[in-house]
Amino acid sequence: MAAELTLDAGVAAGRSGPLPERASVPWRRPVDAVTLRRSARWWTLTTLAHTLPFLVAAPVLFVLRPVTAPIGIVLLIHAWAIPELYAARGAGVLRLRRHRSASAEQRAMLMLADLVDEPNRRLYSSTGLVTAPGRLGTWVLGEAGALLVRPGGRRVNCYCVRVPDAGLPAADRVAHLLLALRCDEPGFATVANLTFSGAAWRVRRRLRPEQRAALTAARARSAQLG
């Protein structure tokens, strides 16, 4: 389930301060560099726990009984597929949705254009995404989720977060998330639901071809921070 953010007056005015949605997840520790490193290790260990048994079993079976080689191949395919499925779920937070009103989208894009620079205006026109620098890394924002490219540009955290109003155009949704991020970056990452943490190249492979430019731009910026 996606986390939801509502746009209150403070966020709309661009004022900094804790997001009110933090109160809905009191059990979550506020996200910072330390918690991001811990979650990265947890995801790595989880992935290893799911794939290592297949990687070990395949050669062991072959040594014990070479006739089981086909089974070993199947096990290796499973070991390869598991992290790919995780990455696909992570990349899915940037999926684009179909919108009925082109005129409403055009009006919403005018508002978004006031919030971002010219490179991001062009990026949104071609990908439906914008990038935003932050203290935790560089963000890629879509209408229903966000990617956080960590300093160094090698690791990506994927977050599922959206605006509850289903009638808003995509550009309004992106603008909403961008304002919330600028208002309270740690709170934004705390409220959003983490769906994947792993190598940037895995996520890139699962994005639509036109969306990869946004991740490339974010990685370039984050590489300068590493």
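The model is predicted, and local features need pLDDT of at least 70, side-chain atom pairs count only at pLDDT 80 or more, and totals for chains, interfaces and linings use all residues. Residues are numbered from 1 along each chain as its sequence is written, and side-chain values use heavy atoms, with hydrogens and water left out.

The protein chain holds 9 helices and 6 strands, defined as DSSP runs (helices H or I, at least four residues; strands E, at least two) and numbered from the N terminus. Its C-alpha trace spans about 70 × 35 × 35 Å along the principal axes. Of the 226 residues, 47% are buried (under 20% relative accessible area, 1.4 Å probe, protein chains only). Among contacts (heavy atoms within 4.5 Å) with a separation of 6 or more, 72% are between residues 24 or more positions apart.

The largest nonpolar core has 29 residues, and Leu 112, Trp 139, Leu 141 and Phe 188 touch the most other members. Such a core is a set of buried Ala, Val, Leu, Ile, Met, Phe, Trp, Tyr and Cys residues joined through side-chain atoms within 4.5 Å. Elements that each supply at least two residues of this core include helix H4 (102-115), strand S3 (138-141), strand S5 (155-162) and helix H7 (185-191). Helix H6 gives the most, with 9 residues. A second, separate core of 22 residues includes Ala 91, Leu 129, Ala 214 and Leu 215.

The count of aromatic pairs is 5, where rings of Phe, Tyr and Trp (its six-membered ring) pair if their centres lie within 6.5 Å, and planes over 60 degrees apart count as edge-to-face. The rings of Trp 43 and Phe 196 are edge-to-face, because their centres are 5.8 Å apart and their planes lie at 70 degrees. This pair links distant parts of the chain, with Trp 43 in helix H2 (residues 33-64) and Phe 196 in strand S6 (residues 193-199), 153 residues apart. Both Trp 43 and Phe 196 are buried. The rings of Trp 139 and Phe 188 have centres 5.3 Å apart and planes at 90 degrees, so this pair is also edge-to-face. Trp 139 lies in strand S3 and Phe 188 in helix H7, 49 residues apart. Trp 139 counts as buried at 0% relative accessibility, and Phe 188 counts as buried at 0% relative accessibility. Ring pairs link Trp 42, Trp 43, Tyr 86 and Phe 196 into a cluster.

Definitions and conventions. Buried means under 20% relative accessible area, exposed over 50%, partly exposed in between (1.4 Å probe, protein chains only). Rings of Phe, Tyr and Trp (its six-membered ring) pair if their centres lie within 6.5 Å; planes under 30 degrees apart count as stacked, over 60 as edge-to-face and the rest as tilted.
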